[in-house]
Amino acid sequence: MARPRNGSGTFIRELNRSAILAFIWQRGPVARIAIAKALVLSPATVTVLTRELVQEGLVREVAQAPSTGGRPGILLGLVAEAAHALGVKISSHGLTAVRVSLDGEPLQFAERPFDAAAPDAVDRLIDELALLASSGGGRSRLLGIGLGVPGTVDPRGGGTVESPSLGWRSLPLAARVGERLQLPVLVDNDVNTLAVSERLYGRGRTAENSITVTIGRGVGLGIVIAGELHRGALGGAGEFGHVRVLEDGPLCYCGGRGCLETLVSDGALASAGRSSGLIGEGDGVDRLRDLADSGSLDAREIYARAGRTLGRAVAGLVNVLSPQLVLVSGEGTLAWPHLEAGFEEALRANAFAPLAGVPVEMDPWDDAKWARGAAALVLRATFSPPLYEHQSDDAIRARLTTIEGAA
């Protein structure tokens with residue numbers, strides 16, 4: 001197991017600074033005494049460390065707390081403009097980018113076309129990232145870049161990506177981008193970044209335990225447990241789309257048969273529509289959805305059947321994880337009116353009775369949320385206690401120190 005890299009005194013000091021910054025980030029504006037109580041630190045320690053943070057330009061006194069009879073307390077908040085983070089969602093056909101301030105508020109939004117299958121795709125990606133990094137405030141205050149990709153990311157391999165949908169195999173994406181741009185780079189599964197975004201800024205803010213299921217080109221899953229994103233051995237929540245739900249079902253690109261993805265993804269729905277003669281060979285899921293919107297009972301039944309299949313699969317997750325909230329998102333939610341009834345019916349019928357009432361919310365498809373979550377990876381590294389060696393996180397914290405010195 002990795003061990004803390006500093007002497008015990010320095011290590012504890014770093015941990016306390018990070019914890020204080022994180023608390024102000026999440027709860028601010030907040031009084032010093034509230035920080036001390038919440039983090040179980042002495043008021044003197046909080047006073048010393050917050051004074052340093054104010055001097056470094058990261059924290060400022062923003063208001064006075066209402067008096068309860070004694071001297072009014074001072075509330076502390078982040079200096080949001082002190083530093084920025086850039087988050088980018090990468091898909092096979094485009095890039096969605098969001099630059100955020102230190103408190104996570106969006107400052108700039110951009111979309112770019114992108115062909116992941118092009119021979120020079122990674123070089124083109126880096127060129128686009130260089131332009132994005134230089135705009136909207138420039139590189140001088142940019143802490144780092146967070147990238148969300150469809151696929152698995154090896155947390156031990158410097159951001160090495162396996163993404164069949166992008167056609168990327170064993171690609172050391174973080175290393176290549178970081179080397180070219182000379183910026184810290186964090187890479188994660190894109191559904192993880194969406195789950196982070198929902199937890200920090202969206203519908204999951206009040207849920208310590210939640211699951212985010214995405215539907216569309218594939219099926220994805222993000223899991224939040226006790227307020228933190230769950231990461232399996234490969235850095236994600238596993239491959240929910242490749243849970244086998246039908247013996248001897250359709251062949252999946254993974255080599256298995258009857259995977260959930262082969263029955264409920266956009267491609268599977270379009271295939272069902274073509275097999276039934278509802279849409280032509282050259283038509284896709286948009287045509288099937290148009291028919292369902294127009295009242296076609298056959299098209300609606302295809303969606304209802306897919307909704308029931310997805311609902312049964314999600315019921316298994318609910319039985320195991322007991323979440324407070326189920327979020328459904330992704331481009332496939334454009335057809336949610338046709339999926340919802342079958343999904344709800346199957347979920348309630350197959351969930352363990354005490355858990356069957358779990359709320360389900362459809363989160364409208366918005367790639368900017370995924371990109372904002374990717375930016376939050378950088379902010380999280382800035383504020384997370386430096387318990388163990390992690391090169392990318394260390395580089396971000398080191399860059400923050402440089403930005404502080406320039407402020």
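## The largest nonpolar core

In this predicted model, the largest nonpolar core holds 41 residues. Ile24, Ile35, Val59, Leu78, Leu102, Leu379 and Phe383 touch the most other members. Helix H12 gives the most, with 9 residues.

Take Phe383 as an example. Leaving aside residues up to four places away in sequence, Phe383 touches Ser18, Ala19, Leu21, Ala22, Trp25, Leu78 and Leu102.

## A second core

There is also a second, separate core. This one has 38 residues, including Leu221, Val285, Leu310 and Ala335.

## The open sheet

Five strands make up an open sheet. Their order is S6-S5-S4-S7-S11, and the pairing is mixed. Strands S6 (106–113) and S11 (185–189) stand at the edges. Each has a single partner strand, so one side of each is left without a neighbour in the sheet. On average, neighbouring strands are turned by 20° against each other, direction ignored.

Look at one pair inside this order. Strand S4 (84–90) and S5 pair in the antiparallel sense over 7 bridges. Here Val88 stands opposite Ala97 in S5.

## Helices against the sheet

Helix H4 (121–134) lies across S4, S5, S6 and S7 (142–149). Helix H4 runs at about 30° to S5.

Helix H6 packs on the sheet too, touching S4, S7 and S11. The direction of H6 makes about 95° with that of S11.

Notes:
Residues numbered from 1 in each chain as written. Predicted model: local features only at pLDDT ≥ 70, side-chain atom pairs only at ≥ 80, totals over all residues. Heavy atoms only, no water. Core = buried A, V, L, I, M, F, W, Y, C linked by side-chain atoms within 4.5 Å. Buried < 20%, exposed > 50% of the residue type's maximum accessible area, 1.4 Å probe, protein only. Helix = DSSP H or I, 4+ residues; strand = E, 2+ residues; numbered from the N terminus. Contact = heavy atoms within 4.5 Å. Pairing = 2+ DSSP bridges. Axes fitted to C-alpha atoms, helices over the stretch in contact; angles between N-to-C directions.
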